[in-house]
Amino acid sequence: MTLQLQVFPRRMFGKWIITCVLRNLLDASTMSRREEQIRSVLFQTCFEVRVQGGAAFSHYPEGVRPFWQLDDDEQTLSLLYRDEATWAIGHGCAAGWDHVEGAPPDAVFADVMPAVELPSMTPDIRDRDGKQVALSMRELAGLPSFSGDGVGWEALDRLAREYAAWIEARAADSSCLNSDLREVADRHLDGCRQCLVRIRNGITILQKDKDALEAFRLTNHAMMLQQIASKQIAHRPLVHLDGYVAAAEPVGGQPRTPWQVWNDGLEKRHIGNWRAFQAAFLLMSIAGLVDGGCDDQDIVDLIWFPTGGGKTEAYLAVAAFYMFHQRLIAKPDDSLSRDGTNVFMRYTLRMLTTQQFQRAASLICAMEQIRVHRKDEPARPQLGEKSFTLGLWIGGSGSPNTWKGAKEAIRKYDRDDVAGNPLVLTECPWCRSTIGRLDQVATGRRSKNTGSNLAGLENSGKQPYLKCSDACCEFGGEHGRLPVEVIDEAIYKDPPSMFIGTVDKFAMMAWKPETGALFGLQHGTEGEVTRVRRPPGLIIQDEFHLISGPLGTIYGLYEGVIEQLCTVENDRYQIRPKIIASTATIRGATDQVNTVYAREKLQLFPSPGLEMGDSFFGRYARKDDGQLAEGRIYLGVHATGYRSFLTAQVRAFSAVLFRAWMFEDDKKDPWWTLLAFYNSIRELGGAQTLFQSDIAARIKDYSLRYGLKGNPQRYLNAVEELTSRQSQSQLVDLMDRLALNWDAKNSLDACLASNIIEVGVDIDRLALMAVVGQPKSTAQYIQVTGRVGRRWEDRPGLILSMFNPGKSRDRSHFEQFYSYHRRLYERVEPTSATPFSVEAVERALAGVLLVWARQYHNARSPGEAFGEYADHLDDALELLLERCEVIMKTQPDELDRVREAMRKVHRDLKRKWQSNPQEWWAYPQKKDGEYLMLWSGEFATQEQKRKGVRVLSSMRNVDGTARAAISSNYLEHTEHGK
């Protein structure tokens, strides 16, 4: 074998860029035998480059813009990643180096299978003395009135003191930075000081305001009960009893409900403690929730924390505080009742919506139990007669829209015609008894005389509802029911205290004016609409980075009227809703908040410090000796020697699945289930067949190679896909199966997933993932890989990043594998939305105007009542024009174009309305029907287009799938049968 090393130096920016090339000079075409050709190939080539004579490696030049031309986000990232740099890039290989903090590496090397371990971020922080900063929920639930001391008050004050000391220490550290970075550091620390002021203000309010203090106590009580329900109470299956199906009894003396654990003080050690950032966020939110005239009300708070850090519990605590506080300050003579919908939470994906619904349901059950128990203590502050309830407001494919539809869906579920509970919940969120169907052991269809196999689904009356399958649970028995609603008709009749919905559902407000009940509006029989309850005062938007592109554009346009529907008039001012958002990955957040919410004030929390690994509330996890703790390992696989990318998948997947079988039983679980992410349904479909044939066969070959013939072997019995092609009930069932241990019945061997897992999959047993092909964005890459390794203390996670050699983008990411992963958050792309572009206005404005108009009058037919609606259409236009001017004040030329487009849509809508259409809408549309509202994507005649306008029923277009089949039913048969 003859090798040649070539070096190509070139001068740039006063330094030298040196390209080192290793060549194999053997000519394979001159070799006749295959074996000889293989022996002449150099596999897994590696070489390293060092410098001598006092020389040192310098940063690889990546950008030419001076620092002052960088935007605020880029300057922030320059500060946070100042100790990370690109020292080399590969050509056909990955370029790597050993990390030396604050100094250049000693060598750079070519790597064919690069591996980068990212540090784990922990929200469990320590003070200056090395003691953990922890706040007990039980302690704070019994927080006494302020008298200058007390254990609970000391814990709150200690949190603020430690944060203040950390800020001052970082201010001292910033003096060592250069002038450019010091200016950025000062900006960061100013943000930290603003958070500190709000935290201290929240503590002061608790000291002085008895209602706020009581709401804070109750919030701690409810959040601890919620933790017990989800983390300590054991799941119980269904069993056959005397002629009916119910939950099995608790085994081994385990507690039945969280209240029992609370009363006995038997919570597990890891339950009942706030993470510092969760408690701090609750404290800094108090002022904006208690005082509608406070400046904090207009600030959009954005929780920015890595996946798995506890963001959900942080904003659930704020929601609980607000709902409790509204009940505590309610008075009999209030002009507007405070027991309507107080909070709504919006998500972009139904997967995420379902997961968070199950979490929130545990909290609402805890709040309702507290309310009920308070009725037995008349001397203590009461929480009203109306129950705390939770609603799930998503599309008809996820939960039934009507009681009639729900009854039919439950009957089909009972007959085993469909899989998955149509009412979404699969277990009681309070005691974790299974809700659903007891699967039959015997095969075949059940006889008509056999009783129902359902438990927890009450379907005997006209209005189905959910209840616990355990008659001894507070939400079970003959008269018990769970305080959750998943049927639209029930939600409109009795609005829940909090509802969770997908952003798309808000587009249906133009079609269904009864949705106004969620905003405190009551529609009368004669068309009049009156406000009888306070509208939601708190809006929570999870995964804010997904509110971008086409979805964010349409969402932002609708947001103008939705926010106004949530606004109430005070004697002195308008009270707008408080907005909280959360994300683990975002760039350009300030512009995004201004574009979507028309608000200029944004508070990032935790505000960044001087390093990526320390914001006080989140730090890189370290061992006792100060070394970084284990983190996710990203392993790059770029197999150029195979003719097909599928072959590389077969080799890699077979190896990891087989190796998991070789571990000891107590070490198998983290690595048993392979979660494979694909960028498209088409690529996923092509890989499905691999598990049924190629991978199964190769695992069998491995068994022979390792001498396992005749011994137990691994078989891939359960390989499922997790995509948008699944129904809501199927998704819920798959999530439950993913959570099962490796040796449990129905556990999964592999799960092939699309971008539906990007958010909302919080299953901490998973530790093995393959990302097949570089995802479309870095934000998606971070979110997807964040699904594994969430329990980094004992199963930190392995991600196989598989790059397609046939795609230049994949190859580029492989060549820069080290620098890309070590500065991963720096590579997140800025988000964008343009709600007031001309194209967005022409597409969606008519629907937005109709949302507003139909919430202020409710005629049966549009033609007969144009005069009643005309003023409301004008009001909506003026409202949106004002919002447009706020958002686009820096683009005066474009502003004029957009305003003219808005006025044109408004004129066209009024003109068509005056042509006297007879019906609002119908589905399907009849050819001779006269409708004001026409469905997008449905055929409409020219006459219908003259009198009607296209109105969106969703904020995005998601193409459905259709199956084509060749049928012989229409063939003509001759007398000879041909």
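Modeller: Start at serine 136. Setting aside residues within four places in sequence, serine 136 is in contact with Gly272 and Asn273 (contact means heavy atoms within 4.5 Å). This is a predicted model: local features need pLDDT of at least 70, side-chain atom pairs count only at pLDDT 80 or more, and totals for chains, interfaces and linings use all residues. Residues are numbered from 1 along each chain as its sequence is written, and side-chain values use heavy atoms, with hydrogens and water left out.

Serine 136 sits in strand E8 (residues 135-136). Strands (E, at least two residues) and helices (H or I, at least four) are DSSP runs, numbered from the N terminus. Serine 136 and glycine 272 are 136 residues apart along the chain. Yet their C-alpha atoms are separated by 6.0 Å. Serine 136 counts as partly exposed because its relative accessibility is 24%. Buried means under 20% relative accessible area, exposed over 50%, and partly exposed in between (1.4 Å probe, protein chains only).

Now the helix pairs. Helix H4 (residues 151-173) packs with H5 at an angle of about 165°, their axes 10 Å apart. Axes are lines fitted to C-alpha atoms, for helices over the stretch in contact, and angles run from 0 to 180 degrees between N-to-C directions. H4 and H5 are therefore roughly antiparallel. Angles over 145 degrees count that way, under 35 as roughly parallel, 65 to 115 as roughly perpendicular and the rest as oblique. From H4, the residues that meet H5 include Trp153, Leu156, Tyr163, Trp166 and Ile167. H5 answers with residues including Leu189, Cys192, Leu196, Ile199 and Ile203. By class, the contact of H4 with H5 has 15 nonpolar, one polar and five charged residues. Here Ala, Val, Leu, Ile, Met, Phe, Trp, Tyr, Cys and Pro count as nonpolar, Asp, Glu, Lys and Arg as charged, and the others, Gly among them, as polar.

H5 has another partner. The axes of helix H2 (residues 72-80) and helix H5 (residues 179-208) come within 9 Å and cross at roughly 105°. H2 and H5 are therefore roughly perpendicular. H2 brings Asp72, Gln75, Thr76, Ser78, Leu79 and Leu80 to the contact, and H5 brings Leu181, Val184, Ala185, Arg187 and His188. That contact has five nonpolar, four polar and two charged residues.

Go on to H6. The axes of helix H6 (residues 210-231) and helix H9 (residues 311-329) come within 8 Å, crossing at roughly 135°. H6 and H9 are therefore oblique to each other. Among the H6 residues that meet H9 are Phe216, Leu218, Ala222 and Met223. On the H9 side, Leu316, Phe321, Phe324 and Leu328 are among the residues in contact. The contact of H6 with H9 has 13 nonpolar, four polar and four charged residues.

Further along, look at helix H21 (residues 808-815). Its buried residues are Asp810, His813, Phe814 and Glu815. They pack against strands E4 (94-97), E5 (107-111), E29 (633-637) and E34 (798-802), and against helix H22 (817-822).

Threonine 553 lies in helix H13 (residues 549-565). Threonine 553 counts as buried because its relative accessibility is 9%. Not counting residues up to four places away in sequence, threonine 553 touches Ala833, Thr834, Pro835 and Ala840.

The largest nonpolar core has 129 residues. Such a core is a set of buried Ala, Val, Leu, Ile, Met, Phe, Trp, Tyr and Cys residues joined through side-chain atoms within 4.5 Å. Tyr558, Leu722, Ile757 and Met902 touch the most other members. Isoleucine 757 touches Leu675, Phe677, Leu722, Met769, Val784 and Arg787, leaving out residues up to four places away in sequence. Apart from this core lies another, of 113 residues, among them Ala280, Met284, Phe305 and Cys431.

Last, the backbone. Most residues other than glycine have a negative phi, and most peptide bonds are trans. Arginine 432 has a positive phi of about 65° although it is not a glycine. Arginine 432 lies in the loop between helix H11 (403-414) and strand E15 (436-437). Asparagine 746, also not a glycine, has a positive phi of about 75°. The loop of asparagine 746 runs between helix H19 (728-738) and strand E32 (750-753). Two peptide bonds to look at are cis: phenylalanine 605 to proline 606, with omega near -5°, and tyrosine 923 to proline 924, with omega near 0°. Proline 606 is in the loop between strand E27 (602-605) and strand E28 (619-620). Proline 924 is in the loop between helix H25 (892-913) and strand E35 (933-935).
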